[in-house]
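My notes are below the display.

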Amino acid sequence: RGQSSKQVVVKYTSPICAHCLKLLPYFVGVTERHQNTSFIIADIGGMTRSIRWVQRLPTFEIRRGGRTVDRFVGLEGTTLTDHMWLWNERLDQVGDRRFLEESRMSE
């Protein structure tokens, strides 16, 4: 796939977040299984109020082609894999160009 279809997963976290620490081993396992995806851990610490859509931690954001396609709170490890599966399946079905056109139209 081309650069426009590159999937990036951002995990917004804090070192004092118990759920974040509990999910860390699972998150590392997901990164090892999905080597075609870039993973970023954003330690936002006490800055949650400066990112208004981060309501709880850990919050995950899935980006494709420079656009956010999904945001969710991941209190269970399977939540991340479910969301990644959803977006990978959708791209396999409709193709990168059509998906990007649809996501631009829905904004």
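Entry 1. I am working with a predicted model, in which local features need pLDDT of at least 70 and side-chain atom pairs count only at pLDDT 80 or more, while totals for chains, interfaces and linings use all residues. Residues are numbered from 1 along each chain as its sequence is written, and side-chain values use heavy atoms, with hydrogens and water left out.

Entry 2. I looked up threonine 37 and found it in strand β2, residues 37-43. Strands are DSSP runs of E, at least two residues, and helices are runs of H or I, at least four, numbered from the N terminus. Is threonine 37 buried or exposed? Threonine 37 is buried, at 11% relative accessible area (buried is under 20%, exposed over 50%, partly exposed in between; 1.4 Å probe, protein chains only).

Entry 3. I then listed contacts, meaning heavy atoms within 4.5 Å. Neighbours within four places in sequence aside, threonine 37 touches Lys6, Gln7, Val8, Val9 and Met84.

Entry 4. I traced the open sheet: four strands in the order β2-β1-β3-β4, with mixed pairing (two strands pair if DSSP finds at least two bridges between them). β2 and β4 (67-73) are the edge strands, each with a single partner, so one side of each has no neighbour in the sheet.

Entry 5. I checked β1 (residues 7-13) against β3 (residues 59-64): they run antiparallel and are joined by six bridges. Valine 9 has isoleucine 62 as its bridge partner in β3.
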